[in-house]
Amino acid sequence: MTEVVQSKLQAQVDSAVHEAYVRAVYGELTDFRKELAVASEGAQQLVGATGTAQQGSAALASAAVGLHAGTERIGAGAQQISQAVGQVDQAAEALTKAATDRLPQAAAQLVTAASVAAEGLHTLHTGTSQVRAGADTALADLRQLATNHPELAQDAVFARALRDAEQADATAAGIDDRAAAADTGAQQNLAAARDLQRTATAVQQNAAALNSPLRLLDSGTAEVAAGTSTVAGGLDALRAGADAAKSAADQAHDGATRLAGTVDDGLHRIPELTDQQIAGAAQVLGTPARIDRTNLHPAGVYGRGMAPFFFGIALWVFGLFAYLLLRPVNRRALAGRARSATVAAAGWLPAAVLGAVAALVLYAVVDLGLGLDPAHPWATVALLVLGAASFVAVDHFLRTWLGVAGDVLSLVLLVLQLTAAGGLYPMPTTPAFFQAVHPLLPMTYLIDGLRVTVSGGQAAHLLRDGVVLAGFGAVFLALTALAVRRQRVWTVARLHPDIEL
């Protein structure tokens with residue numbers, strides 16, 4: 001007793017220690033997981049920040065490259081502007097010299113020429129006006145003459161003179177109009193030449209004042225070009241720094257990504273446990289071994305589970321004792337002309353009917369008196385009747401074939417089936433001999449089928465058991481018919497047997 005108490009007490013203490021240890025470990029693991037979750041969030045934020053720095057450094061490097069290219073273009077443009085300003089300065093100097101030396105004299109000459117042209121065109125217009133007036137007067141006189149002297153209308157010379165006068169009048173009118181237009185244009189040109197002469201002085205002053213700004217612009221563009229060169233050098237340094245910053249940002253981002261991946265992997269490997277799960281784990285590790293047993297088809301009380309076995313024994317014993325009271329073969333029928341199969345069936349049928357009645361009485365007593373309550377009552381009754389008929393067929397054959405020795409053999413088979421039919425113990429726990437003869441015994445299938453009908457089970461087993469029991473009955477009836485046929489041959493030993501019961 002002290003040894004049993006000691007082992008039980010030690011097991012309980014070990015279990016309590018294990019449970020307390022597991023609770024502490026899992027509690028610390030939960031806290032560590034929370035801290036690791038905070039580290040995971042920080043790592044993810046670091047990944048985001050380094051990603052932003054990576055993008056910014058990449059943008060800075062790209063902007064530095066673009067700015068360097070822009071400053072180079074600005075320097076090139078400034079040089080071109082400086083060259084263009086130099087050329088404009090030279091042109092301005094030439095313009096100033098021309099405005100100083102030639103513009104006043106040219107303006108005076110232009111005014112003189114315009115004045116002479118205006119006077120000439122005015123004189124011309126005066127002459128054309130007089131010609132036009134004379135042509136109009138001549139034409140009017142000819143027309144008056146034609147009116148006063150109608151007979152001149154028939155004169156070809158007069159008619160031709162009249163047409164020439166009309167054409168001359170039209171020509172004089174056109175020339176006079178063009179002369180008037182030319183006179184007006186000459187007067188306008190003279191006014192414009194005089195305006196140009198007046199503005200020549202201002203143009204000369206403006207041309208002289210243009211040289212100073214152009215020189216300033218030329219020197220400014222030269223300084224811009226030099227400044228852009230300096231800026232380009234600084235941008236080269238900026239681009240180198242931006243490239244270094246981008247490389248550092250890439251390395252920082254890669255390191256942050258690997259750190260976040262490592263932290264996340266560690267976080268995912270640690271389970272998130274509740275208090276109930278921690279308690280369950282502590283209980284499992286404190287008591288790691290647990291046996292669960294499930295009975296798919298419970299028999300309930302002990303006697304209900306043993307009923308199939310005792311049903312089989314009772315029916316087999318009935319078949320054994322039936323032919324102690326009944327004759328296995330009718331002597332008159334054996335000596336008659338009936339077929340052997342008919343004689344055999346006639347000897348089997350009364351005992352089989354009595355066996356079926358006995359099976360029904362046995363079932364009624366066990367069910368109504370002891371509360372068997374099978375899962376499939378009608379299948380149980382049918383299987384009992386079939387088992388009784390099959391067992392009677394076996395005992396009938398042994399008695400017909402061997403006589404009294406058949407009863408002894410039937411009793412031996414009963415003893416063998418008590419251990420080999422599987423009614424008491426599972427067959428894998430029995431010796432190899434009993435396992436070998438187990439599928440050859442009829443009581444095996446009656447017990448197996450009654451277990452299905454009483455407690456429940458696979459219908460395929462029940463169908464197989466019924467077919468096999470029916471097969472046993474049919475086979476032993478056929479063997480009985482062969483034994484009957486053999487007994488119709490009389491021998492000296494049958495006429496004078498050594499022992500007769």
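Three salt bridges turn up in this protein, where a salt bridge is a side-chain nitrogen of Lys or Arg within 4 Å of a carboxyl oxygen of Asp or Glu. The model is a predicted one, so local features need pLDDT of at least 70 and side-chain atom pairs count only at pLDDT 80 or more, while totals for chains, interfaces and linings use all residues. Residues are numbered from 1 along each chain as its sequence is written, and side-chain values use heavy atoms, with hydrogens and water left out.

**Salt bridges**

- Some background: side chains of opposite charge can pair when their charged atoms come close.
- Arg-399 and Asp-407 join their side chains in a salt bridge, at 2.1 Å from N to O.
- Arg-399 is buried, at 19% relative accessible area, given that buried means under 20%, exposed over 50% and partly exposed in between (1.4 Å probe, protein chains only).
- Asp-407 counts as buried too, with 13% relative accessibility.
- Asp-448 and Arg-464 make another salt bridge, their closest N and O atoms lying 3.0 Å apart.
- That pair ties together distant parts of the chain, 16 residues apart: Asp-448 sits in helix α11, and Arg-464 in helix α12 (residues 459–487).
- Asp-448 is partly exposed at 21% relative accessible area, and Arg-464 is partly exposed at 38%.
- Arg-464 also meets Asp-465, side chain to side chain, in a salt bridge of 3.2 Å from N to O.
- Asp-465 has 0% relative accessibility, so it counts as buried.
- Put together, Asp-448, Arg-464 and Asp-465 are linked in a network of salt bridges.

**Overall make-up**

- The protein has 13 helices and zero strands; helices (H or I, at least four residues) and strands (E, at least two) are DSSP runs, numbered from the N terminus.
- Reading along the sequence, you get the pattern α-α-α-α-α-α-α-α-α-α-α-α-α.
- Out of 501 residues, 31% count as buried.

- Leu-326 is found in the loop between α5 and α6 (331–335), and is partly exposed at 32% relative accessibility.

**How α5 meets α11**

- The axes of α5 and helix α11 (residues 442–455) come within 9 Å and cross at roughly 140°.
- Axes here are lines fitted to C-alpha atoms, for helices over the stretch in contact, and angles run from 0 to 180 degrees between N-to-C directions.
- The two helices, α5 and α11, are therefore oblique to each other: angles under 35 degrees count as roughly parallel, over 145 as roughly antiparallel, 65 to 115 as roughly perpendicular and the rest as oblique.

- Arg-178 belongs to helix α3 (residues 156–269) and is exposed, at 57% relative accessible area.
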